[in-house]
Amino acid sequence: MIELEHVSKVFADGTKAVDDVSFIVQEGELCVLLGPSGCGKTTTMKMINRLVSLTEGRILLNGTNVLDFEETELRKQIGYAIQEIGLFPHMTVGENIEVVPELRGWPKAKRRERAAELLQMVKLPAEFIDRYPKELSGGQRQRVGVARALGADPEVLLMDEPFGAIDPITRVDLQNEFLRIQQDIRKTIVFVTHDIYEAIKMGDKIALMNGGRLIQFDSPFNILFQPQDSFVQDFVGRDRALKGLQLIRVKEVMRCSPLTARWDESVEALKGRLPNDEGIEEIPVVDDSGGFLGYIDISLVQTGTVGEHLGHHQVKASIDSVLDEALSIMLSCERKTLAILDHDNRLKGLLSFGDIQRALGEADRSGARP
Amino acid sequence: MKRQVVLITFLAILLGITVWVTGQGKIGIYSTFTWEQILYCSWSHLKMVVVAVAIGTIIGVPLGVLVTRPGFTRLAIPVIGGANIGQTIPSLAVIAIMAPLLGFGFNSAIVALFIYGLLPIVRNSFTSIRNIDPAIIEAAKGMGMSRGQIARRIELPLARPVIMTGIRVSTVITVGTAELAVLVGGAGLGKITLTGVFARETLIILQGAAPTAAMAIILGFILETFEDWMTPRGLKIDKQK
């Protein structure tokens with residue numbers, strides 16, 4: 001856990017870079033420091049590992065004031081990742097990853113083992129351990145950067161725009177990979193970025209800063225839909241509904257236990273048990289154990305069994321996906337409804353355009369707009 | 001590989017000239033220098049160069065590195081500027097001024113050569129440290145390395161090749177400047193070259209100049225090999241694959 005209490009930083013030339021900032025990063029949480037350049041987010045982060053000294057206030061790391069540690073001891077327990085240019089070019093990938101374990105006095109064999117384990121975790125081939133940074137692509141180097149920060153298995157991680165210098169496609173890969181890793185390792189992370197999409201995607205919490213002050217410290221959802229003032233609103237932008245699609249999970253919006261058709265019943269029987277008030281057309285079809293098979297469009301068929309008229313079995317989404325993935329599938333397949341399945345391919349719910357619209361509308365209304 | 005062929009060709013030409021001129025025995029009213037005299041002069045030339053560059057390295061490298069350290073950066077401009085001035089003054093003047101100051105002899109020649117060869121060493125030592133990407137140093141700091149560890153494990157290996165280049169450049173320059181050392185009582189191949197100049201005999205000039213050029217090429221090559229050997233492997237890779 002990291003606690004900042006009324007932290008300020010005034011540089012020697014009198015500029016107040018950080019002005020009375022307080023927030024708490026809970027254990028296992030990823031907190032994004034977000035804001036335009038020059039807002040003090042990087043300075044704030046660097047005060048945690050004392051690369052920048054603080055002028056006022058205090059910072060606690062798991063309850064201990066960071067000033068009570070010896071400087072290098074403090075840093076050795078905090079993983080530190082910056083853009084890929086921070087790798088040591090004269091050391092191999094393995095040596096780079098082993099730096100902090102070595103500083104902490106781990107024996108050679110254990111260090112090497114750890115380096116190999118981390119390479120695997122960041123999905124780099126094992127033989128990269130003896131390559132030099134210059135032999136790797138930018139994206140690969142950045143993976144090494146993340147692995148290096150995790151070298152000695154620190155509880156706390158500071159990441160300074162770690163994916164900033166990477167092309168957009170690789171960046172998305174790295175973000176997804178990192179989120180996957182974070183689900184397993186559950187580190188307490190402070191992550192600096194100026195990219196609001198990255199912040200919304202990565203953050204459990206976002207600390208939005210401007211001019212050295214903390215403007216809003218909140219969940220990504222609340223930053224989007226309950227902006228505290230016009231600065232936050234402008235920073236979020238007009239397309240907050242689209243950004244919000246990334247934040248809302250399908251399972252929060254879908255209609256559970258929808259009407260389903262069994263693959264072996266006859267079309268006539270199915271039509272017989274339909275409620276006649278709604279204009280239902282597409283009905284998901286399941287097998288005996290609830291497994292999803294496809295859809296039947298009852299406005300087109302009259303006779304035979306349901307199984308004979310199955311279609312569109314590929315139009316489905318996982319219960320863990322977010323709305324923008326679901327919406328993308330619906331748009332690209334030109335379908336109005338989408339079956340939501342669990343990990344065993346069993347039908348859990350149904351999602352329609354109307355449901356997405358309703359969810360975003362509610363989110364929007366939940367914020368008291370100025 | 002191609003470069004080595006060029007170097008060897010040059011060396012062969014220079015040595016060929018020396019052998020040919022020395023074989024003449026007599027040119028007009030002058031006798032050419034004997035092999036013994038040439039070897040003696042070469043040896044004293046080499047001695048001056050090695051001593052002057054060695055002192056330059058011992059003083060110049062720490063000086064150049066020192067002015068990159070926090071607290072000493074204010075000294076960077078005077079130090080680099082001072083070394084610059086040392087080299088702006090014509091080499092002949094630097095050498096000539098040593099005679100009235102230190103008297104004639106080996107020592108004043110060494111001091112003059114040292115001053116004149118200092119700049120490349122100081123400047124390269126300075127830039128070698130300062131040109132290291134600040135992100136690398138910050139990463140090292142952020143990972144918990146102490147100042148000493150950063151200096152030993154990060155800065156020194158990254159700076160080494162550039163420092164070595166400075167020493168090499170200084171050596172090659174000093175081989176040339178040492179031609180003039182004879183004016184203040186030093187020895188060296190300048191003795192032969194200047195004899196030729198005063199006698200207006202081109203061939204005798206060549207007898208001194210050709211071995212000097214050969215020495216510069218050989219020393220340059222040796223130091224370049226050394227430089228390559230001192231460069232960390234990870235820095236030699238140009239592009240991926």
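Residues are counted from 1 along each chain as its sequence is written, while chains are lettered from A and ligands numbered from 1 in the order in which they are written. Since we're looking at a predicted model, local features need pLDDT of at least 70 and side-chain atom pairs count only at pLDDT 80 or more, though totals for chains, interfaces and linings use all residues.

**The two chains**

On confidence, the predictor gives the complex an ipTM of 0.81 and a pTM of 0.78. Chain B has a mean pLDDT of 89, with 98% of its residues at 70 or more; pLDDT is the predictor's confidence in each residue, from 0 to 100.

The table puts some chain values next to each other. Helices (H or I, at least four residues) and strands (E, at least two) are DSSP runs, numbered from the N terminus. A residue is buried if 20 or more other C-beta atoms lie within 10 Å of its own, exposed if 12 or fewer, and partly exposed in between, with C-beta atoms placed from the backbone.

| Chain | Elements | C-alpha span along principal axes | Buried residues |
|---|---|---|---|
| Chain A | 14 helices, 17 strands | about 80 × 55 × 35 Å | 40% of 370 residues |
| Chain B | 10 helices, 2 strands | about 75 × 50 × 25 Å | 39% of 241 residues |

From the N terminus on, chain B runs α-β-β-α-α-α-α-α-α-α-α-α. Its contacts reach along the sequence: among those between residues at least 6 apart, 76% join residues at least 24 apart. In chain A, the share of such contacts that link residues 24 or more positions apart is 64%. Two residues are in contact if their C-beta atoms, placed from the backbone, lie within 7 Å.

**Where the chains meet**

Chain A puts 24 residues into the contact and chain B puts in 20 residues. On chain A's side, the elements giving two or more residues are α2 (71–76) and α3 (93–103). That side has 13 nonpolar, 7 polar and 4 charged residues. Here Ala, Val, Leu, Ile, Met, Phe, Trp, Tyr, Cys and Pro count as nonpolar, Asp, Glu, Lys and Arg as charged, and the others, Gly among them, as polar.

**Inside chain B**

Take helix α3 (residues 76–88) and helix α5 (residues 106–130) of chain B: their axes come within 7 Å and cross at roughly 145 degrees. Axes are lines fitted to C-alpha atoms, for helices over the stretch in contact, and angles run from 0 to 180 degrees between N-to-C directions. Residues that meet here include B:Ala76 and B:Val79 from α3(B), and B:Ile115 and B:Phe126 from α5(B). The residues of this contact divide into 10 nonpolar, 3 polar and 1 charged.

Further on comes helix α9 (residues 202–230) of chain B, whose 29 residues reach 41 Å from first C-alpha to last, close to the 42 Å expected at 1.5 Å a residue. The expected span is 1.5 Å times one less than the number of residues. Among the buried residues of α9(B) are B:Ile204, B:Gly208, B:Ala209 and B:Met215. The buried residues of α9(B) pack against several elements of chain B, including α1 (2–24), α2 (35–66) and α8 (190–199).

B:Thr193 lies in that helix α8. Why does B:Thr193 count as buried? Because 23 other C-beta atoms lie within 10 Å. Leaving aside neighbours within four places in sequence, B:Thr193 is in contact with B:Glu179, B:Ile205, B:Gly208 and B:Ala209.

**A helix in chain A**

Helix α6 (residues 168–185) of chain A has 18 residues that should span 26 Å at 1.5 Å a residue, and its end C-alpha atoms are 25 Å apart, which agrees. After α6(A) comes A:Arg186, with a positive phi near 50 degrees.
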